[in-house]
Amino acid sequence: MILSVEAQKHFGAFALDAGFTSAAGVTALFGRSGSGKTTLLRIIAGLVRPDVGRLTFEDAVLVDTQRKVFVPVHQRRFGYIFQDSRLFPHLSVRNNLNFGSWFTSRKRPADFDHIVHLLGIEALLDRKPHGLSGGERQRVAIGRALLASPRLLLMDEPLAALDDARKSEILPYLEKLRDEMKTPMIYVSHSVAEVTRLADRVIVLADGKIEAAGSPAEVLASPSIDQRDTGVIISGTVASADAQHRVSHVTLRAGEVILPAAGLERGRRVNIHIAERDVLVAVQQPEGLSALNILEGYIITLEPQREGTVRVRIDAKGDILLARVTTLSVDRLGLTVGRPIFAVIKAMALIH
Amino acid sequence: MEWLHLSEDEWAAVRLSVWVSTIATLVALPFGVFVAYLLARGRFWGKSVLNGLVHLPLILPPVVTGYLLLIAFGRRGVFGAYLESLFGIVFSFRWTGAALACGVMGFPLMVRSIRLSLEAVDGKLEEAAATLGANRAWVFLTVTLPLSLPGIIAGMVLAFAKAMGEFGATITFVSNIPGETQTLSAAIYTLTQVPGGDAGATRLTLVAIVISFSALMASELLAHWAGRRQHHDPVR
């Protein structure tokens with residue numbers, strides 16, 4: 001246990017009352033906007049004082065409202081990456097990156113080149129933030145936080161302000177960061193895709209309270225998640241990459257699937273989120289479909305849901321899949337428990 | 001063009017005015033930044049009282065301000081006597097008194113301009129600086145101050161221009177002594193009171209226009225440069 005937080009905070013009608021502990025690796029704070037996840041992150045950073053609360057990090061007490069302990073932001077050495085980058089407009093990219101090092105006595109010049117290279121921002125160093133694209137700004141902001149040699153990295157929806165293309169530009173850098181840096185991270189997000197890809201643990205917040213906590217696979221399949229995103233997370237290993245078509249083949253227990261992602265190294269473990277609304281069910285081996293991924297399995301349960309839909313739970317050689325179909329389809333196809341079927345997933349639905 | 005040549009006394013008035021205004025502006029600057037910061041960011045009891053006090057010279061008749069300065073900073077004034085015995089600083093009937101009067105009169109303009117630009121600095125950037133390890137003083141020096149530079153420059157120019165034009169408070173506080181306290185405005189006024197002084201008054205008026213206009217141009221250039229520095233890549 002590295003970080004432990006318990007906090008209450010009232011803002012008008014909104015009340016936050018939440019606590020969790022986290023270890024090394026990436027902990028995701030997951031929830032809709034207004035669930036209090038950013039407030040909780042700001043309390044950890046020291047940007048907000050809790051009404052009542054206690055915060056410890058590596059056995060040091062940073063906040064204890066009972067004993068009137070409050071370590072100010074600048075002494076905590078927690079890196080914070082904001083949704084809106086917040087680069088200093090009057091400083092060059094290089095000076096933005098060096099900003100944190102002006103206030104620490106640590107001299108680690110080797111880090112600079114390494115981090116700049118890791119984030120691919122070598123070419124931007126002498127520019128001002130004004131002319132940078134959203135993705136470039138966010139990479140510089142990440143570098144700036146890292147170069148202040150933080151003990152913990154707090155990320156507040158770092159991708160939320162970016163479009164899909166920019167998101168897929170930054171995500172690989174975040175993955176590299178997680179794998180190469182030993183700094184623990186708290187990652188605030190409302191995106192199942194991001195959480196699936198990055199997090200080791202997920203904490204779900206709703207209306208200022210912790211609703212669930214656990215591994216991404218456990219938590220993201222639970223009913224507390226937004227219906228649109230309900231699904232499963234399956235782990236697999238990259239078998240091969242097809243550079244020409246910019247896809248990768250990933251081996252699951254259920255078989256091989258194709259991911260629209262280029263440049264994944266062979267043998268790497270990946271988590272794939274498959275939303276139940278993206279899965280089709282066929283009773284015969286389908287032919288002539290553009291959908292690339294067809295997995296064999298059989299129906300374990302049929303769970304009636306609201307509004308004439310049914311959740312089909314499928315066992316595909318040990319991997320569990322969910323599919324959401326209408327009651328009409330269930331009747332037409334004659335779906336029953338135990339029946340062998342084919343689950344069809346468009347590769348495009350597997351975009352992270 | 002012979003009539004354009006300034007006499008020795010006229011030169012003395014011009015030099016004195018520029019000197020007094022420059023000193024008044026520079027000495028007032030740190031106080032102006034400090035008070036503007038208190039008014040922009042501070043939350044304390046008596047903030048509106050401080051705000052009122054700062055603006056007082058703007059709304060009082062200058063002669064009244066001059067008389068108040070005389071009472072407070074004259075030889076036997078409340079602060080004047082102290083300052084003389086402790087630091088040897090004398091204001092009455094000296095150029096230092098003229099600088100004090102000019103500084104006080106320009107102070108509200110300076111504070112207003114700096115306060116506005118401090119308020120316009122994005123607090124989110126200061127938050128970001130704090131997460132990077134900067135304490136409040138460093139946040140101010142590395143983020144807040146550079147970002148409000150254009151407003152600070154504008155405030156300095158306003159104070160300088162006000163000082164160049166100051167008349168009522170100065171003449172009430174330190175009188176009108178050629179070579180010591182007779183500034184440009186006082187010299188022009190004096191020349192208009194004597195027969196045949198018109199040519200001198202016109203010359204000094206032209207000088208006053210040139211100086212004020214130059215200060216304005218310089219401030220435009222500086223503000224432009226400060227703005228460019230913030231928002232554009234360096235020219236390569």
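## Helices 3 and 4 of chain B

In this predicted model, helix 3 (residues 62-73) of chain B and helix 4 (residues 78-87) of chain B have axes that come within 3 Å and cross at roughly 45°. Helix 3 of chain B is therefore oblique to helix 4 of chain B. Angles under 35 degrees count as roughly parallel, over 145 as roughly antiparallel, 65 to 115 as roughly perpendicular and the rest as oblique. The axes are lines fitted to C-alpha atoms, for helices over the stretch in contact, and the angles run from 0 to 180 degrees between N-to-C directions.

On the helix 3 side, B:Ile71, B:Ala72 and B:Phe73 meet B:Val78, B:Phe79, B:Gly80 and B:Leu83 of helix 4; contact means heavy atoms within 4.5 Å. The residues of this contact are 6 nonpolar, 1 polar and no charged (Ala, Val, Leu, Ile, Met, Phe, Trp, Tyr, Cys and Pro count as nonpolar, Asp, Glu, Lys and Arg as charged, and the others, Gly among them, as polar).

## Chain B as a whole

Chain B has 11 helices and 0 strands. Both are DSSP runs numbered from the N terminus: helices are H or I of at least four residues, strands E of at least two. The C-alpha atoms of chain B fill a box of roughly 70 × 50 × 30 Å along the principal axes.

## The interface with chain A

In chain B, 23 residues are in contact with 24 residues of chain A. The two chains bury about 2200 Å² between them, with 64% of it on carbon and sulfur atoms; buried area is the accessible area (1.4 Å probe) that two parts lose on being put together, summed over both. B:Glu127, B:Thr131 and B:Leu132 lose the most area in chain B, together 30% of what that side buries.

Across the interface there are 3 salt bridges (a side-chain nitrogen of Lys or Arg within 4 Å of a carboxyl oxygen of Asp or Glu). The side chains of A:Arg86 and B:Glu127 form a salt bridge at 2.7 Å, N to O. Helix 6 (123-131), helix 7 (136-147) and helix 11 (198-231) of chain B each give two or more residues to the side that touches chain A. Helix 6 of chain B gives the most, with 7 residues.

## Basis of the values

Residues are numbered from 1 along each chain as its sequence is written, and chains are lettered from A in the order in which they are written. Local features need pLDDT of at least 70 and side-chain atom pairs pLDDT 80 or more, while totals for chains, interfaces and linings use all residues; side-chain values use heavy atoms, without hydrogens and water.
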